[in-house]
Amino acid sequence: MACPFAKHVSAEHFQRQPSIAEAHSWNLDEDLSELPSDALTLTHLNAAIQLLTAPSIENVHEALMSLIGKYSNRWPGLSKLKTERSALSIYPHYDYLADIQDNLTQIDESAVSEILVLLGEELIQTSCVGVIERAFKCLGSDLQEFLGSLDGVYDVLKLQEEDISDTGFVCAGEGELIFTSDRSVLAWLLLGCLKALARLLFNQEPEIELAPLPGDTLRYRYLLKMDVPAEDGARVAWEETAGGAGVRESVSADARDLKVSNQFFCNAFPWHFIMDEQLNLVQMGQAFSRLFKSYPAMTGAGALAAGTVFRFKRPRGLQLNFREIVRRTNTPFMISLRAPPGRPDFFAKGLEIKGQMVFCPESNSLLFVGSPFLDGLEGLTCNGLFISDIPLHDATREVILVGEQARAQDGLRRRMDKLKSSIEEANAAVIKERKKNVSLLQLIFPAEIAERLWLGAQIDAKTYPEVTMLFSDIVGFTSICSRATPFMVINMLENLYKHFDELCGFFDVYKVETIGDAYCVASGLHRASIYDAHKVAWMALRMIETCTLYNTHDGQHIKMRIGIHTGTVLAGVVGRKMPRYCLFGHNVTIANKFESGSEACKINISPTTREWLVKHPDYCFQLAARDASCMPKEFTESRGMTCYFLEGYKHPTVSNECPLKEHIEEAMKQTLLDTNEGVTVEKWDEQRAVNRNGNVGKYWDGFLNGLLSAIRGVLG
């Protein structure tokens with residue numbers, strides 16, 4: 001016979017019900033981090049119940065492989081369902097169970113339901129182990145209690161949506177379970193799971209019949225025939241005799257023999273009410289009576305329907321009739337107070353009470369016993385309640401008090417987190433300002449010296465061998481100043497030296513100082529390299545080329561003379577107020593003399609610098625020897641030596657027709673490759689762009705603009 005529940009929906013329409021922890025973003029792992037690794041938690045209980053309502057692909061695959069191993073001889077076609085687990089992980093939302101059902105229909109349509117029931121049994125045998133088995137065991141001591149707890153616990157765990165039919169359980173009575181799901185394959189799977197759980201947990205083999213409810217394709221009814229244990233006899237009670245001995249006496253089943261008055265019961269259970277078969281209120285506890293005592297309609301002789309003063313919020317979708325409520329006695333109830341008729345200003349309106357419905361067959365009535373569902377002491381007082389309204393036996397009293405303590409701790413934690421965030425933000429701001437200050441210092445000092453100055457470390461003078469220095473000045477600068485206004489001179493120097501500063505960043509050389517028209521740079525101080533002389537020589541060529549782009553106030557090109565020398569120098573920080581990083585030594589004087597001995601638009605280089613330039617034949621500098629008489633007198637080792645004019649540079653891999661700039665740029669790239677500095681050409685190009693357009697230019701522009709404003713203010 002074909003499966004009567006063969007209809008199923010696609011995976012897109014199926015949504016696994018998340019737990020309350022997921023819905024409210026509770027981090028259970030953090031809250032339970034201090035528990036032992038084998039401790040039973042709400043997370044394990046949720047995982048156990050999801051094994052019945054939405055088993056994972058891993059669990060289903062493991063159960064299917066076990067099923068194939070046991071029953072492949074009976075149904076040879078089952079071997080076709082074998083697949084690798086890794087292949088299923090590619091599709092995280094794959095409806096594996098629906099695919100299994102479709103394949104089983106093709107293998108043996110008449111045995112689909114039987115195979116799915118066996119698959120459910122294998123699912124429990126393979127997955128219900130360890131802490132998951134303990135989670136199932138905690139639901140009840142027998143099968144009936146298990147079914148009742150399954151109803152109530154899952155109602156707490158699942159996330160309910162008002163406009164979507166949810167997966168869920170309803171223990172409708174003795175041995176009757178109703179399962180709601182839009183996936184028919186789960187109905188047969190659950191049948192096998194229930195059989196296996198009864199066998200595993202309670203050592204029972206109940207007969208379970210699955211019957212669809214008429215006119216309802218989403219609800220399935222399971223009827224269980226369970227054996228009642230023989231030892232369940234009459235209940236007994238102990239009664240103290242005059243001699244103090246305990247005597248057993250059978251408890252009467254007659255309600256009239258109950259030795260508890262109505263008043264005592266109302267005081268002991270202040271949050272209860274009793275409804276008759278027409279859902280009219282018959283009795284209310286002391287707390288309810290106190291809330292409604294000032295309203296005549298509540299104390300009149302006429303019958304008052306429960307729905308008039310109570311709104312049933314959970315279970316959702318509950319039909320307010322006696323029979324339907326009796327079927328849901330294993331489900332937690334949540335009710336809220338309505339305003340009594342004619343009193344919309346009722347102060348306790350909306351107060352929520354959470355509890356349980358109990359069917360009383362002796363009087364054919366329903367007893368509701370619950371507790372206020374409150375959020376701390378504020379919720380208690382806002383609804384006109386007192387702590388004394390919560391009976392001592394009710395754990396809600398402790399929950400409220402402990403909740404206040406937890407709220408205080410959470411407030412302290414939030415304040416600490418806020419303080420921590422403020423400290424982190426302040427620390428980040430300090431680091432940012434520190435970087436700005438260090439960046440400013442790096443405009444004046446080498447990077448290493450700037451960092452140590454910021455940290456307050458002592459800077460000792462240091463000797464640097466083979467430092468290449470460049471000195472330059474503008475030819476006729478005194479004459480230019482005599483014929484031009486201060487504004488003209490400042491603007492001319494600003495435009496020219498801003499371009500030179502960009503060249504310093506491009507060639508990675510250190511700018512020593514600028515005094516008047518004198519511009520001095522050095523290479524080999526902050527970062528020694530075998531190409532220090534090359535970088536300074538290339539910069540000198542670019543400086544001469546740059547001068548042709550700028551004119552004096554009378555339209556004449558700016559003409560510079562440059563001198564370059566390589567030798568040992570002493571460098572250190574001088575001064576505490578406005579400190580300067582200065583170069584000392586005989587070679588500094590010699591470098592200045594080579595600049596003085598140069599000519600307009602010429603670059604005069606010393607013999608020691610020439611030795612470095614010609615040491616590497618791959619770099620072709622154009623040098624012209626000068627007369628020996630041009631050597632400075634201070635150059636003590638000038639016998640047999642002469643100085644040179646640097647007239648140009650041609651890189652071997654660049655065409656001679658290309659401008660000087662392209663030759664030099666290609667040469668700079670080659671130096672990076674030759675020195676194996678681990679800097680790619682692309683990174684070098686990026687850094688070059690930063691040097692041209694980045695912070696150096698920004699700070700320099702700000703400095704010059706401020707200087708210009710100050711001069712204008714002085715000149716009036």
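The questions and answers below concern a predicted model of a protein.

Reader: How many helices and strands does the secondary structure of the protein come to, and what share of the residues counts as buried?
Author: In this predicted model, the chain has 716 residues, and the share of them that counts as buried is 42%. Among contacts with a separation of 6 or more, those between residues 24 or more positions apart make up 63%. The secondary structure itself comes to 26 helices and 20 strands.

Reader: Are helix 4 and helix 6 roughly parallel or roughly antiparallel to each other?
Author: Helix 4 covers residues 57-71 and helix 6 covers residues 96-107, and the two pack with their axes 10 Å apart at an angle of about 30°. Angles under 35 degrees count as roughly parallel, and helix 4 and helix 6 are therefore roughly parallel.

Reader: Which residues of helix 4 and helix 6 meet, and how many of the residues in the contact are nonpolar, polar and charged?
Author: From helix 4, the residues I57, V60, H61 and L64 meet Y96, L97 and I100 of helix 6.

Reader: What does UniProt place at residues 409-436, and how far apart are the end C-alpha atoms?
Author: An unreviewed UniProt entry gives the feature "coiled-coil region" for residues 409-436. In the model, the chain over residues 409-436 is 100% helix and 0% strand, and its end C-alpha atoms lie 40 Å apart.

Reader: How many disulfides does the structure hold, and which cysteine sulfur is nearest to that of C193?
Author: A disulfide is a covalent bond between the sulfur atoms of two cysteines. The structure holds zero disulfides. C193 is accordingly in none, and the cysteine sulfur nearest to its own, 9.4 Å away, is that of C128.

Reader: Where is N280, is it buried or exposed, and which residues is it in contact with beyond its neighbours within four places in sequence?
Author: N280 sits in the loop that runs between strand 7 (272-275) and strand 8 (281-284). Its relative accessible area is 18%, so N280 is buried. Leaving aside neighbours within four places in sequence, N280 is in contact with I274, M275, A303, L304, A305 and A306.

Note on methods. Residues are numbered from 1 along each chain as its sequence is written. This is a predicted model: local features need pLDDT of at least 70, side-chain atom pairs count only at pLDDT 80 or more; totals for chains, interfaces and linings use all residues. Side-chain values use heavy atoms; hydrogens and water are left out. Axes are lines fitted to C-alpha atoms, for helices over the stretch in contact, and angles run from 0 to 180 degrees between N-to-C directions. Angles under 35 degrees count as roughly parallel, over 145 as roughly antiparallel, 65 to 115 as roughly perpendicular and the rest as oblique. Contact means heavy atoms within 4.5 Å. UniProt positions are given in the numbering used here, feature names are shortened, and annotations may be inferred rather than shown by experiment. A disulfide is a pair of cysteine sulfur atoms within 2.5 Å. Buried means under 20% relative accessible area, exposed over 50%, partly exposed in between (1.4 Å probe, protein chains only).
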